[in-house]
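Thanks for coming, everyone. I'll walk through one protein today, from the whole chain down to single residues. Have a look at it first.

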Amino acid sequence: MNPFEIIGHQDVLDTLRGQTSHAFMLLGPHRVGRKAVAHYIAALANCAYGTACGTCPSCLAIARGTHTDVMEVGPKSETSSGKQARRKIIPVKVITGRRDEQNEYDQHVVEWLHIAPYTRRKVVIFDGAEHFNAEAANAMLKTLEEPPHRAMFVFIAEDQQRVLPTIVSRCARIFVPPVREAEMQQALLQLEGNLDPELLEFAAGRPGVLFEREAVRSALQQAREMVQALENGMLDALQASEKLEKSFNPEWHPEALLFAFRHHPLSVRAKADQALSEALDALEQYANPGLVFQVLALKWREALGLH
Ligand SMILES: [Zn+2]
């Protein structure tokens with residue numbers, strides 16, 4: 001495995017080596033390896049040999065996440081005023097220091113880009129370009145239209161429809177697809193010496209899943225127990241929902257739970273999916289978690305035709 005932890009994606013890397021753009025948009029599913037590809041772009045731009053060799057000081061610093069010319073910006077959860085809902089946003093105050101009255105961020109994109117690079121290019125990676133709020137997107141657009149000398153941008157997004165079109169149109173768009181099964185198998189063998197068919201099925205070509213095996217396996221195990229408990233009876237179902245609430249990991253549990261329903265008929269899965277979305281919405285609105293999970297267990301029993 002290379003130092004940027006890229007599994008598969010040889011076609012993508014080949015395409016990138018021929019690119020001269022200063023702005024990229026990496027599109028593809030969550031956990032498919034878009035961030036690793038973004039690091040590769042930053043490495044190509046700053047490698048001592050111009051090849052993203054993986055061994056020069058610049059490449060090593062990028063792999064370790066300590067390169068002074070690479071900045072990563074991601075969304076954070078914010079409570080929007082008026083409503084109680086919590087949503088992820090990239091706020092304008094990380095784009096420009098002039099808008100960061102409370103000095104919440106150590107670095108601001110606009111000001112940081114004006115510092116001369118230590119190597120060749122200053123690279124900003126936006127992980128979650130869907131999450132710019134309107135002010136941040138507009139501030140960003142100005143910078144993108146008149147980029148400072150030697151600035152480079154990498155936007156990571158799942159769905160370009162949800163990114164401001166004027167940002168999309170200024171980027172070289174690169175699709176990062178799911179990785180082939182043979183490459184996933186080989187990577188898992190390298191990582192732990194065994195194949196785990198369930199993990200591979202769940203990963204569905206997303207190498208990021210393989211790097212978080214422990215969390216994923218525990219979510220899968222619990223999801224299995226939950227679905228089993230639903231079938232055992234009301235009391236078991238309520239007990240399992242309580243256990244689920246206590247260890248709920250929003251990163252993996254929702255997907256693991258739907259995965260546990262995968263052998264059920266489509267109509268059951270659709271209802272289970274709907275009930276889960278409602279539960280997640282309720283949690284975002286700060287509803288009582290205990291109650292949310294109880295209601296979820298009841299709705300899932302209903303979905304399974306159990307009353
Ligand atoms: Zn290098």
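Let me start at a loop. Asn-103 sits in the loop between helix H4, residues 92-95, and helix H5, residues 109-113. Keep in mind that this is a predicted model. What is the phi of Asn-103? The value is near 50°, which is positive, and this is a residue other than glycine. Is Asn-103 buried or exposed? Its relative accessibility is 60%, so Asn-103 counts as exposed.

There is another case like that. Ala-204 has a phi near 45°, again a positive value in a residue other than glycine. Look for Ala-204 in the loop between helix H9, residues 197-203, and helix H10, residues 207-210. Here the relative accessibility is 48%, so Ala-204 counts as partly exposed. The cut-off for exposed is over 50%.

Now step back to the whole protein. How many helices and strands does the protein have? There are 15 helices and 7 strands. The C-alpha atoms fill a box of roughly 65 × 50 × 30 Å, taken along the principal axes. The protein has 307 residues, and buried ones make up 47% of them. The accessible surface comes to about 15,700 Å². Carbon and sulfur atoms hold 50% of that surface.

What about contacts along the chain?

On to the helices. First, H8, residues 181-192. It has 12 residues. From first C-alpha to last, H8 reaches 16 Å, close to the 16 Å expected at 1.5 Å a residue. Which residues of H8 are buried? They are Met-184, Ala-187 and Leu-188. These residues cover an arc of only 100° around the axis, which puts them on the same side of H8. Turn to the face away from that buried side. There you find the exposed residues Ala-182, Gln-186 and Gln-190. What do the buried residues of H8 pack against? The partners are H9, H10 and helix H11, residues 213-232. After H8 comes Gly-193, with a positive phi near 80°.

Next, H13, residues 253-260. This helix is mostly covered, with 6 of its 8 residues buried. Which ones? His-253, Pro-254, Ala-256, Leu-257, Phe-259 and Ala-260. Several helices are part of the cover over these buried residues. They include H9, H11 and helix H12, residues 234-247. H14 and helix H15, residues 289-303, are also among them.

That brings us to H14 itself, residues 266-284. H14 has 19 residues. Its span is 27 Å from first C-alpha to last, close to the 27 Å expected at 1.5 Å a residue. The buried residues of H14 are Val-268, Ala-272, Ala-275, Leu-276, Ala-279 and Leu-283. Why do they line one face of the helix? Seen down the axis of H14, the buried residues fall within an arc of 100°, so they line one face. Just after H14, Tyr-286 takes a positive phi of about 60°.

Go to Gly-8, in the segment before helix H1, residues 10-17. Why does Gly-8 count as buried? Buried means under 20% relative accessible area. Gly-8 has 19%, so it is buried. Which residues does Gly-8 contact, leaving aside its neighbours within four places in sequence? They are Val-179 and Glu-183. Compare that with Gly-28, 20 residues from Gly-8 along the chain. The C-alpha atoms of Gly-8 and Gly-28 are separated by 14 Å.

Last stop, His-149. This residue is in the loop between helix H6, residues 134-145, and strand E6, residues 151-157. At 70% relative accessibility, His-149 counts as exposed. Along the chain, His-149 and Ala-116 are 33 residues apart. The separation of their C-alpha atoms is 8.7 Å.

That's the tour. Thank you.

Technical notes
Residues are numbered from 1 along each chain as its sequence is written. This is a predicted model: local features need pLDDT of at least 70, side-chain atom pairs count only at pLDDT 80 or more; totals for chains, interfaces and linings use all residues. Side-chain values use heavy atoms; hydrogens and water are left out. Helices (H or I, at least four residues) and strands (E, at least two) are DSSP runs, numbered from the N terminus. Buried means under 20% relative accessible area, exposed over 50%, partly exposed in between (1.4 Å probe, protein chains only). Accessible areas come from the Shrake-Rupley method with a 1.4 Å probe; for residues, only the protein chains shown count as cover. Contact means heavy atoms within 4.5 Å. The expected span of a helix is 1.5 Å times one less than its number of residues. The arc is that of the directions from the helix axis to the C-beta atoms.
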